[in-house]
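User: I'd like to learn how to read a few features in a model. Could you walk me through them?
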Amino acid sequence: MNGPKPKPEILLTGATGCIGGRLLDAFEAEGRQVRCMTRRPEALIGKVGPESSVVRGDCFDPASLPAAFTGVETAFYLVHSMGGSADFEARDREAAGNFGDAACAAGVRRIVYVGGLGAAEGLSKHLRSRHETGEVLRASGVPVIEFRSGIVLGAGSLSFELIRALVERLPVMVCPSWVRTPTQPIALADLIAYLVAALDLPHRESRQFEIGGADVVSYREIMCEYARQRGLRRLLIPVPLLTPRLSSLWLGLTTPVYARVGRELIDGLRTATVVNDSTARDVFPVCPLGLREATARAVEDEDAVFADTPWSEAALAAATVLRWGGVRLRGRLIHSSAVDLPVDPSAAFAPIRRIGGVNGWYFGDWMWRLRGLVDMALGGVGMNRGRRDPEYLAAGDVLDCWRVDVCEPNVRLRLTAQMKLPGRGWLEFDVTPRDGGVSRIRQTAVFDPSGLWGRFYWHALYPIHVLLFGGLLRSIARRAVATSP
């Protein structure tokens with residue numbers, strides 16, 4: 001008896017990005033075969049499942065594309081160039097043309113693409129390029145399913161990261177007129193649901209679908225809702241004076257990470273991005289979330305993504321190095337340091353699992369006790385709760401002023417701070433075996449500040465954190481070497 005027929009392979013571009021990465025997870029959860037095309041295959045090492053594959057392909061190098069399309073029925077085009085070039089419109093046209101031609105030559109039956117909402121008249125360069133990309137793909141002769149989407153609310157989305165950065169950093173915002181522009185934001189999970197459902201459409205002619213969330217709101221309302229859910233009080237003062245150019249300069253000063261794309265992004269915010277054609281609601285089994293639910297999901301997803309990230313690796317590879325205060329990754333502030341020891345992982349981890357309680361904190365115990373007294377004066381738990389067992393820890397255990405989130409013996413211990421803080425804090429220890437019988441202990445302190453006061457707290461106390469955590473790591477290292485067999 002023959003088994004079930006395997007589902008046709010999918011070609012996915014942009015798997016290293018926010019939408020592409022989540023789409024890859026969704027496809028793999030359904031057991032679909034996915035081929036990820038990227039210019040940097042090494043960036044996807046360890047990020048794809050056993051049924052997926054990775055192939056090198058560059059939309060600006062036509063010769064690299066034919067091999068990627070072999071055996072592919074549906075190709076997802078999630079590529080754009082706004083962040084990498086001043087002349088991104090021309091580059092977007094070139095990339096889409098090469099991709100469409102290669103898809104047509106390989107007999108691909110459908111291309112799925114995510115563009116942007118907005119009426120044709122008066123579009124910004126960014127939105128105009130999104131529309132033109134869809135036109136270029138359709139000109140290849142391959143049927144194209146184009147989803148025209150509003151801004152995406154989800155962890156890693158440029159729109160959401162921009163809103164988060166502004167609200168977190170600015171207690172008072174002087175807001176230009178574009179904050180009143182109507183838009184229809186869509187939750188990242190809903191966008192992914194539409195993309196997955198596109199595979200079930202019949203292979204016929206090209207179609208466009210306008211998609212958005214359940215609510216039509218202004219950008220001001222989005223920022224206020226994010227502030228509400230984060231427990232932040234924010235004052236937004238509307239003024240009619242900031243042009244798109246001045247707005248982009250303001251954006252670059254307050255959130256420098258967006259300086260390269262700020263002007264084009266801000267220019268696009270002048271255009272109303274709302275759904276005028278509700279056909280997608282009739283065709284697809286998706287019930288989009290409203291603003292409140294989408295924002296809550298975005299915040300939760302951001303926490304989950306960050307929690308799943310190996311923090312020591314993230315701190316070194318993906319974070320922004322600050323002049324003062326360590327590094328920053330998605331709004332979190334991180335101090336990370338490591339030491340290599342000539343011991344095995346179990347010996348390296350032994351003093352880590354014994355930390356706290358009657359064993360103390362190995363360095364600066366008086367500073368820990370002082371911090372505990374301050375915490376109790378503020379109504380917190382202090383440092384007197386001890387620990388359940390002097391030798392072993394498990395997830396959920398109380399450890400003085402911390403709670404154990406994760407304890408993997410000889411590998412990792414992650415603690416969540418339960419003292420009173422203007423934000424949220426974690427402390428993590430990782431043990432990694434190295435060549436030559438060496439183990440590396442990496443200690444990472446992470447702080448998620450709540451507004452401006454939280455940032456001030458971290459930066460003001462940074463020298464004390466460096467002293468305290470540095471001494472703690474050195475003391476752990478000495479104990480590990482001294483007790484190693």
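Predicted model: local features only at pLDDT ≥ 70, side-chain atom pairs only at ≥ 80, totals over all residues.

User: At what angle do α3 and α4 pack?
Analyst: Axes are lines fitted to C-alpha atoms, for helices over the stretch in contact, and angles run from 0 to 180 degrees between N-to-C directions. Helices are DSSP runs (H or I, at least four residues), numbered from the N terminus. Here α3 (residues 88-105) and α4 (residues 125-139) pack at about 20 degrees, with their axes 9 Å apart. That makes the two helices roughly parallel (angles under 35 degrees).

User: Which residues of α3 and α4 meet?
Analyst: Contact means heavy atoms within 4.5 Å. On the α3 side they include F88, R93 and F99, and on the α4 side H126, R130 and L137 are among them.

User: Is A350 buried or exposed?
Analyst: Buried means under 20% relative accessible area, exposed over 50%, and partly exposed in between (1.4 Å probe, protein chains only). A350, in helix α13 (residues 345-353), is buried at 7%. Its C-alpha atom lies 8.9 Å from that of I476, 126 residues away along the chain.

User: How many disulfides does the structure hold?
Analyst: A disulfide is a covalent bond between the sulfur atoms of two cysteines. The cut-off is sulfur atoms within 2.5 Å, and the structure holds zero. As for cysteines, C36 is buried at 0%, and C407 is buried at 19%.

Terms used: Residues numbered from 1 in each chain as written. Heavy atoms only, no water. Parallel < 35°, antiparallel > 145°, perpendicular 65-115°, else oblique.
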